[in-house]
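Please keep the sequence and the model in view while reading.

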Amino acid sequence: EDEFAFASLERCSTKNGMIYSSSPSMYINFDTMETSVLCAEPNCLHQNNECAAILIGDSPVLYNDFFYYFVSTQNVEETGNGKREYKIKSKLCRVALDSSETEDIVTFTDCKPRDCDGWLIIDNVVWFTGDNMNPKEDEYGNISAANQGGEHYICSIDLDSKKYTNYGCIYDGDKQFEEASYTSSAQISGYFNSKIMIRYEFAESADTRGQDIRHRYTEIMFEFDPETKELKQSELPMPSYVDNDTYVYTDPDNLKTYIINNTEKSEYNIPFDTELYSIYADNKLFLPDYNIWYDLTDMTEHSMGEYDGFNVIPYNEKYILYSDNKFVKLTEEELLALDKEK
């Protein structure tokens, strides 16, 4: 049976573990809390791209016994008559989990995947946003490029047919602002209620003096339906957390936090700005930046104790806390006992 899988630079979790690090990539099993290198080759030294654990990069997706990852190169080519052209070559690849055998799935040349910011696989179809890298040529013929500004696309790759599809530019309403041509970006925040949630942001002006971070950029959420291929602007604001059937966001003006489970919406008076980042698990809201969590059943506030800034993943009625390459598994009783460390 096919499974949904999502990965980003911040989180590459799987059904019973998590991929972390990238030189080489490591895996921690949440049942045993044992770690291993993601390479099946015997006697491998894990030091170069001949090793699968080096090859799969920063944000691989583990899906149906394969690690999927993107490779992209960009270069400027001489086209004759003194002209130069910016070229992109991207490809989706995979590594077999049991053998480390590699395979190229498909190559495309119109964008560079933004995989570190989030991409996913649903029912054997890969979904990601891609950037045209906004190439700009100066008066001397030099070409520069970056994934900020330019055009941003929603794209798919069917793993059965190996067909690549670019569904076009996500948004062009920012083209009226010159600053947007240097600042815009689009990234997948997650998958909610069968829609791919895409965060699009850009600056309207270079003058951001005196503005806090949330007012420097115009932020718009888009929803893409992978069944109908319909892309539309969402009525939802930017999430601080999104995971399949849960969507968390904050009204920064009154510091109220809203949590949508499927279609049921709940409001909470939480006196912290959770707009930046939060984690929802088992009717608890974790705020790593503030070193606290709330039990939403009774609105009691609790400390994370020594695990200040740690992320949280619920697992089999326990909690995996992690930061960088540090991991610990706690029961709910052990989680509550952290209050004593205040």
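Leaving aside its neighbours within four places in sequence, which residues is Leu92 in contact with? They are Tyr68, Tyr69, Phe70, Glu103, Asp104, Ile105, Val106, Phe108, Trp119, Val126, Ile157 and Leu159, where contact means heavy atoms within 4.5 Å. The model is predicted, so that local features need pLDDT of at least 70 and side-chain atom pairs count only at pLDDT 80 or more, while totals for chains, interfaces and linings use all residues. Residues are numbered from 1 along each chain as its sequence is written, and side-chain values use heavy atoms, with hydrogens and water left out.

**Nonpolar cores**
- Leu92, Trp119, Val126, Phe128 and Ile157 have the most contacts inside the largest nonpolar core, which has 34 residues; such a core is a set of buried (under 20% relative accessible area, 1.4 Å probe, protein chains only) Ala, Val, Leu, Ile, Met, Phe, Trp, Tyr and Cys residues joined through side-chain atoms within 4.5 Å.
- Strand S7 (residues 66–80) gives this core its largest share, four residues, strands being DSSP runs of E with at least two residues, numbered from the N terminus.
- Another core, of 25 residues, lies apart from it and includes Ala281, Ile292, Tyr319 and Leu330.

**Aromatic rings**
- The count comes to 26 aromatic pairs, taking rings of Phe, Tyr and Trp (its six-membered ring) with centres within 6.5 Å.
- Phe108 and Tyr164 form a stacked pair, 4.3 Å centre to centre with 10° between the planes, stacked meaning planes under 30 degrees apart.
- This pair links distant parts of the chain, with Phe108 in strand S9 (residues 102–108) and Tyr164 in strand S16 (residues 163–169), 56 residues apart.

Terms used:
Rings of Phe, Tyr and Trp (its six-membered ring) pair if their centres lie within 6.5 Å; planes under 30 degrees apart count as stacked, over 60 as edge-to-face and the rest as tilted. Buried means under 20% relative accessible area, exposed over 50%, partly exposed in between (1.4 Å probe, protein chains only).
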